[in-house]
Amino acid sequence: MKSKEQIRLIVGLIILAGIFFVFFGGETAKNSGGGVFIVNRGDLPITLTERGTLTTRNATRIRSEVRGRRRIEWMVDEGSQVKEGDLIVELEKTEVQKRIDQLENELIAEETSLFSARNDRKIQEDRNKTNLEKAQLGLEVAQVELEKLKQGDIPRRERELNLAIERAQSELDRSEGLWKDMPTMLEKGFVTSDQFEQERIKLKERREALVTAKQNKSLYDSYEKPLSIKQKESSVSQAARALEMETRAAEKSLANIDLKVSQYERRVGESQEELDREKDNLTKMSVYSTASGIVFYGNPDRPWDRDEVRVGGDTYFNHVLLTIPDPSEMAVLIKIHEADIDKVKVGMAAEIRSDVNKTRIYNGEVTKIDSVANAGDRRWGDRVRRFSVEIQLRGSDLSLKPGTSAEVVINTGNLENVLHVPIQAVYAESGSFHCYVMTTGKPEKRSVQVGRSNESYLEITDGLSEGEKVLLYKPDQTESSTEEKPPMGTAAMILPGSKS
């Protein structure tokens, strides 16, 4: 039993054949004796016909390498033969040239600002060096004065105060020794009363001098000495803070200038990069061919973009402007119904007829079959799954245009020495097939088993014998073998489930 899918396929072929026969069947009728075909045995080539799109398997695609959207000013004519190195596209350069002039002026101004900022930094470095040296000197002076106070002034002052105490003590001791003898000397008349009184006053003065010397020493130790040390230490601290402040101020001033320098350097770098980029764009606006061959506009894989590729149109970065196909590497991409995909194998021969030049037939072969089917567009109710198949054309000078349509006839096999009849001789009814066979002068309805088919003939595996005559139309039930047969263009088709 044939599968339902095979039955549907054969029924469809029969229906198509019937339509073909209604309009164009006269020629078959002439060759078959007035609407009768003699069943014969012979070879039956099996083919599968699909339509697809020509593409190139190896092409040079000329792309726009210019950043941004640009207008096309000139292009070589489509179909022209070009050589590698030929000028093929010119993009509009006016705006880019204006931008280059503007960037050059901006770059000069920014380089001048950078030069000035670097000079300011040098001046600030010298100023910072002077201020830091001055602050460092102040700190060193304060430290030396503190050391001088501790190691020189304080010991010397302490020695002076101690010496003053010793002197006062010595003079007091001498006065006290003399004073012990003064009363006796006054009684004996060795000294006068005035001398006695002077000696007493001198003794009192020397006692006060000793007290004063000791007080000076005490005041120095308690107040003057620590105050002097504190003042000198404070001077050292202040000088150290001044040095630290100058150091921070120097770092801050340099940091501010360094920030300006880095900003100007960045601007100069960015302007230089943009200027280089625009200059590079300017050179890339003259597009030269990187291969030899015939030029076609746009990208054959994206035919809907082709109208954008024209003089006056816009292009953008990486946009395919022109395609130069390799004439020895052309192919056709077709999609085959999932019910037929098992019939197609890699290496099968095919014939291709381009819609551009229908008079020439190109030879090719199946080179690639996708392993996964593409689902139909469900938005339009297409739920049929199809497999993409690539047919490579044979030849070195194919002179075909990528992106155009072509018809492909694949030779899926050859049935040798089989019985076959025209497709219009077979009718489908209630899930089975039958023919009308001429026996004893009138047509006999007979069930047949069918095999594979091509666009014109159908293999008969059972039900007919070689030499029998089958009608190429469905006769009326009342028709006899002696009645004149109706014209071939009136053949009726019986679909499964319809009444005969």
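**Contacts, cores and aromatic pairs in a predicted model**

Q: Among contacts in the chain between residues at least 6 apart in sequence, what percentage join residues at least 24 apart?
A: The structure is a predicted model. Taking the contacts in the chain between residues at least 6 apart in sequence, those that join residues at least 24 apart make up 79%.

Q: How many helices and how many strands are there in the chain?
A: The chain has 500 residues, of which 35% count as buried. Its secondary structure comprises four helices and 21 strands.

Q: Which residues does M75 touch, not counting residues up to four places away in sequence?
A: M75 is one of the residues with the most contacts inside the largest nonpolar core. Leaving aside residues up to four places away in sequence, M75 touches I88, V89, Y297, V309, R310, V311, L321 and L322.

Q: How many residues has the other core, which lies apart from the largest one?
A: This core includes I352, Y362, V366 and A406. Its residues number 22.

Q: How many of the residues of strand β6 are buried?
A: Strand β6 spans residues 87-91 and is mostly covered. Of its five residues, the number buried is four.

Q: In β6, which residue is the bridge partner of I72?
A: Strand β4 (residues 70-75) and β6 run antiparallel and are joined by three bridges. In β6, I72 has as its bridge partner L91.

Q: In β7, which residue is the bridge partner of L87?
A: β6 also pairs with strand β7 (residues 286-288), in the antiparallel sense and over three bridges. In β7, the residue bridged to L87 is Y288.

Q: Is the aromatic pair of W179 and F196 stacked, tilted or edge-to-face?
A: A search of the whole structure finds three aromatic pairs, among them W179 and F196, at 4.7 Å centre to centre. The planes of these two rings stand at 35°. Planes under 30 degrees apart count as stacked and those over 60 as edge-to-face, so the pair of W179 and F196 is tilted.

Q: How many residues apart in sequence are the parts that the pair of W179 and F196 ties together?
A: W179 is partly exposed, at 22% relative accessible area, whereas F196 is buried, at 18%. W179 belongs to helix α3 (residues 94-188) and F196 to helix α4 (residues 193-284), so the pair ties together parts whose separation in sequence is 17 residues.

Q: What is the angle between the planes of Y427 and Y436?
A: Y427 counts as buried at 1% relative accessibility, and Y436 is buried at 9% relative accessible area. The two form an edge-to-face pair at 6.0 Å centre to centre, and the angle between their planes is 75°.

Q: Over the face of which residue does R67 lie?
A: R157 lies over the face of Y220, at 5.9 Å from the ring centre. R67 lies at 3.8 Å from the centre of another ring, that of F317.

Technical notes:
Residues are numbered from 1 along each chain as its sequence is written. This is a predicted model: local features need pLDDT of at least 70, side-chain atom pairs count only at pLDDT 80 or more; totals for chains, interfaces and linings use all residues. Side-chain values use heavy atoms; hydrogens and water are left out. Rings of Phe, Tyr and Trp (its six-membered ring) pair if their centres lie within 6.5 Å; planes under 30 degrees apart count as stacked, over 60 as edge-to-face and the rest as tilted. Helices (H or I, at least four residues) and strands (E, at least two) are DSSP runs, numbered from the N terminus. Buried means under 20% relative accessible area, exposed over 50%, partly exposed in between (1.4 Å probe, protein chains only). A charge sits over a ring if NZ of Lys or CZ of Arg is within 6 Å of the ring centre and within 35 degrees of the ring normal. Two strands pair if DSSP finds at least two bridges between them. Contact means heavy atoms within 4.5 Å. A nonpolar core is a set of buried Ala, Val, Leu, Ile, Met, Phe, Trp, Tyr and Cys residues joined through side-chain atoms within 4.5 Å.
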